[in-house]
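User: I am new to this structure and would like a guided walk through it. Could we begin with the chain that is split into domains?

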Amino acid sequence: MYPTKYHRPASLAEALQLLADNEDAKLLAGGQTLLPTMKQHLAAPEAVIDLSASGLSGISNGGTMVTIGAMTTHAEVAASADIAAIVPVLNSVASGIGDPAVRHRGTIGGSISNNDPSADYPAALVGLDARIVTNKRELAADEFFDGMFATALEEDEIVTQVRVVQPKRAAYVKFPNPASRYAMVGVMVAETASGIRVAVTGAGEDGVFRHEGLEAALSADFSPGAVDGVEVEADGLLTDMHATAEYRAHLVKVMAKRAVAAC
Amino acid sequence: MTEVTLTVNGKAVKRDVPDTMLLVEFLREELRLTGTHVGCDTSQCGACVVHLDGKAVKSCTTLAAQASGGTVITIEGLANGALHPMQKAFNDNHGLQCGFCTPGMIMSGVDMVARYKAAGKELTEHAIREELEGNICRCTGYHNIVKSIQQAAGEM
């Protein structure tokens, strides 16, 4: 790891000040991606700003909406009774990320700010039509995720909360890579106030995306069989050592069917 | 440099260390607690698992500075006169061959038993295998590790 300066601000205001004062700083949430990246010399920030003491953790039950602090860990989301009562699909998404020790450190805010194209939360939040709250504004998940490892976040912006309204029904199914366990393809199917939404992770060259064809077919007939008639194009999907774009396109349909069946 | 203050296995320690120092380096190199191992150093293998504030974490993917102010238990801190039931179970069931992964297996085992107990859930053989996703053993085929954790779950 290249030298860096570690900071642990005691409030969000202090964190924002440190971010403004250190041009080449990185925010450190759970560190389960940033630290390995720094160890591999793929990132070398002059400063890291640890948000663990900035008061951004916790889950609050708003009846039909749940608010999740950005520094809430995957293990806390997985075990939350409030989330189980409102959006149980998020318990299952969080319990499938990484492994138990990683889930004790990794956070929802860190995961979505990194926007790894194979991460689970981006598909979950886009599928659930979640709102992402920052120190400056509130964004729809659709607007927040902005291509591979890219988000709408500005330089002086920190994710503070994620808000999810209770869906009518929802399920997330992924095909994990046998070695890394990251999603080769993960599909969230949800019926929300804004209709049927289908969000796909692991497959797109530009990260998470919604599939209009699947959404239209499932809006007309919400059944696994409805997926059969939908064309999922390999264009724009990832090809790498693990799978071709064609294989991923096939997996999108299989995962979508399984998600519908699990709804 | 940054000042790191920790309670490790019940003992208060304080050291000035580089900001980039990992928790596992702090434990092994500063405190000479070499029971915690570095296997892959990429947070895959789990040989470095310790308990930080009561939760299993990968100490190769945590900065010592992040842990500062916290409480750490390592494999050296488990036995209290007699072996911990999890250690005894690994011994009884031949739950190791080369032993390299064992400290991490035992720390993960203790963590999972405690979590399932707190949640009032049964730690089945299937659940143990799922819970061991982040701990890799290249010798045993896991069978005796799973048996060891099952035995300890009944005794803890």
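**Domains and interfaces**

Analyst: Chain B is assigned domain 1 (2–76) and domain 2 (85–155); such bounds come from an automatic or database domain assignment. This is a predicted model, in which local features need pLDDT of at least 70 and side-chain atom pairs count only at pLDDT 80 or more, while totals for chains, interfaces and linings use all residues. Residues are numbered from 1 along each chain as its sequence is written, and chains are lettered from A and ligands numbered from 1 in the order in which they are written.

User: What separates the centres of domain 1 and domain 2 of chain B?

Analyst: The centres, taken over C-alpha atoms, are 21 Å apart. In the contact between them, domain 1 of chain B supplies 15 residues and domain 2 of chain B supplies eleven residues. Two residues are in contact if their C-beta atoms, placed from the backbone, lie within 7 Å.

User: Which elements give two or more residues to the side of domain 1 that touches domain 2 in chain B?

Analyst: They are β3 (49–52) and β4 (55–58) of chain B. β3(B) gives the most, with three residues. Helices (H or I, at least four residues) and strands (E, at least two) are DSSP runs, numbered from the N terminus.

User: How do the residues on that side of domain 1 of chain B divide?

Analyst: They divide into seven nonpolar, seven polar and one charged. Here Ala, Val, Leu, Ile, Met, Phe, Trp, Tyr, Cys and Pro count as nonpolar, Asp, Glu, Lys and Arg as charged, and the others, Gly among them, as polar.

User: Let us look at β3(B) itself. Which way do its residues point, and are they buried or exposed?

Analyst: B:Val49 and B:His51 point one way, B:Val50 and B:Leu52 point the other way, and all are buried. A residue is buried if 20 or more other C-beta atoms lie within 10 Å of its own, exposed if 12 or fewer, and partly exposed in between, with C-beta atoms placed from the backbone.

User: And what does β3(B) pair with?

Analyst: β3(B) runs antiparallel to β4(B), joined by four bridges, and B:Val50 stands opposite B:Val57 in β4(B). These two strands form a hairpin with two residues between them, and B:Asp53 in the turn has a positive phi of about 50 degrees. β3(B) also pairs in the antiparallel sense with β5 (residues 71–73) of chain B, over two bridges; there B:Leu52 has B:Val72 as its bridge partner. Two strands pair if DSSP finds at least two bridges between them.

User: How many helices and strands does chain B have?

Analyst: Chain B has six helices and five strands, in the order β-β-α-β-β-α-β-α-α-α-α along the sequence. Its radius of gyration is 15 Å, close to the 15 Å that the globule rule gives for 156 residues, so chain B is as compact as a globular protein of that length. The radius is taken over C-alpha atoms, and the rule is 2.2 Å times the number of residues to the power 0.38. Of the 156 residues of chain B, 46% count as buried.

User: Now the two chains together. How many residues does the contact take from chain A and from chain B?

Analyst: The contact takes 19 residues from chain A and 23 residues from chain B. On the side of chain A, β1 (5–7), α2 (34–39) and α6 (100–103) each supply at least two residues, and α6(A) has the largest share, three residues. The residues of this side divide into nine nonpolar, five polar and five charged.

User: Moving to the interior of chain A, is helix α8 (residues 120–127) mostly covered or exposed?

Analyst: It is mostly covered, as eight of its eight residues are buried; among them are A:Tyr121, A:Ala123 and A:Leu125. Just after α8(A), A:Asp129 takes a positive phi of about 55 degrees.

User: Which residues touch the most other members of the largest nonpolar core?

Analyst: Of its 126 residues, these are A:Val185, A:Val187, A:Met188, A:Val189, A:Ala256 and A:Ala259. Strand β10 (residues 183–192) of chain A gives the most to this core, with seven residues. A nonpolar core is a set of buried Ala, Val, Leu, Ile, Met, Phe, Trp, Tyr and Cys residues joined through C-beta atoms within 7 Å. Leaving aside neighbours within four places in sequence, A:Val187 is in contact with residues including A:Ala123, A:Val173 and A:Ala256.

User: Lastly, where is A:Asn177?

Analyst: A:Asn177 lies in the loop between β9 (169–176) and β10 of chain A. A:Asn177 is partly exposed, with 15 other C-beta atoms within 10 Å.
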